[in-house]
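Here is a short briefing on selected side chains and their surroundings. Have the sequence and the 3D view open while reading.

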Amino acid sequence: MSIRRLMTPMVLFGGILILFATGCSSDGETKVKKQDENIVTIESILQNALNGPDSELKEIYNNGEIRDLMQYDKDHFEEYFANKTSYEKFVNTNQGIGILIEAIKYDYNFKVKNIEYEKTDSEEIIYNFTVELEYQKEGSETSQVETVTGQANLDDEHKIEDFLIRIGELLSKLEN
């Protein structure tokens with residue numbers, strides 16, 4: 001009888017531990033999932049802004065009209081932004097395809113090699129990112145890699161409220 005008395009509390013305690021662990025793990029998975037969705041948004045923008053330019057963009061730049069460039073920008077970026085104001089701020093500060101237009105002007109191609117993310121300790125959803133960006137002059141056999149940094153502020157729906165790619169130093173190198 002004393003073994004049974006000992007086993008009952010142990011089984012109950014074990015069951016409580018399992019429920020607690022499952023609850024914590026589920027909450028932890030939600031946080032990881034939320035973080036991953038934020039990173040997916042950030043990465044989508046970085047891939048679209050820093051890989052290329054592709055043949056479609058070159059064709060539009062060389063033969064299209066400004067509205068075609070605006071549509072290309074909209075097609076590749078607008079869905080990731082929380083509202084029209086945040087999207088327009090992004091494209092009007094020469095980010096988005098503005099970076100790839102600079103590559104076209106100086107006959108360069110960009111390729112994202114690696115991206116690292118760091119969530120800040122802020123109460124807001126803010127990530128810093130570092131991108132290893134390979135750039136190569138068209139027709140050249142050699143390429144170089146530059147580190148580009150930036151920051152993304154997101155809302156609870158994983159949409160961008162503010163986005164900054166610090167690429168000015170690299171774009172200055174392209175001109176020379």
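Neighbours within four places in sequence aside, Thr-41 is in contact with Tyr-80, Leu-154, His-158 and Ile-160. The model is predicted.

**Thr-41**
- Thr-41 sits in helix α1.
- Is Thr-41 buried or exposed? Its relative accessible area is 8%, under the 20% limit, so Thr-41 is buried.
- One of its contact partners, His-158, also takes part in a polar link. The Thr-41 side chain reaches the backbone oxygen of His-158 at 2.9 Å.

**Glu-43**
- Glu-43 belongs to helix α1, which covers residues 2-50.
- Glu-43 has a relative accessible area of 31%. That value falls between the 20% and 50% limits, so Glu-43 is partly exposed.
- Beyond residues up to four places away in sequence, Glu-43 touches Ile-115 and Tyr-117.
- The side chains of Glu-43 and Tyr-117 are joined by a polar contact of 3.1 Å.
- Glu-43 and Phe-129 lie 86 residues apart in sequence. In space, their C-alpha atoms are 9.5 Å apart.

**Aromatic pairs**
- How many aromatic pairs are there? With ring centres within 6.5 Å as the rule, the count is six.
- Phe-77 and Phe-90 have ring centres 5.3 Å apart and planes at 55°.
- Phe-77 is in helix α3 (residues 66-77) and Phe-90 in helix α4 (residues 84-92). The pair therefore ties together parts 13 residues apart in sequence.
- Phe-77 is buried, at 0% relative accessibility.
- Phe-90 is buried too, with a relative accessible area of 2%.
- Phe-90 also pairs with Phe-163: the ring centres are 5.7 Å apart and the planes stand at 85°, so the pair is edge-to-face.
- Phe-163 lies in strand β4 (residues 160-166) and Phe-90 in helix α4, so this pair ties together parts 73 residues apart in sequence.
- Phe-163 is buried, with a relative accessible area of 4%.

**Aromatic cluster**
- Which residues form the aromatic cluster? Phe-77, Phe-81, Tyr-87, Phe-90, Phe-129 and Phe-163 make up one cluster.
- Phe-129, a member of this cluster, is the residue whose C-alpha lies 9.5 Å from that of Glu-43.

Methods. Residues numbered from 1 in each chain as written. Predicted model: local features only at pLDDT ≥ 70, side-chain atom pairs only at ≥ 80, totals over all residues. Heavy atoms only, no water. Helix = DSSP H or I, 4+ residues; strand = E, 2+ residues; numbered from the N terminus. Buried < 20%, exposed > 50% of the residue type's maximum accessible area, 1.4 Å probe, protein only. Contact = heavy atoms within 4.5 Å. Polar contact = N/O pair within 3.5 Å; in protein donor to acceptor, adjacent residues only side chain to side chain. Phe/Tyr/Trp six-rings, centres within 6.5 Å; stacked < 30°, edge-to-face > 60°.
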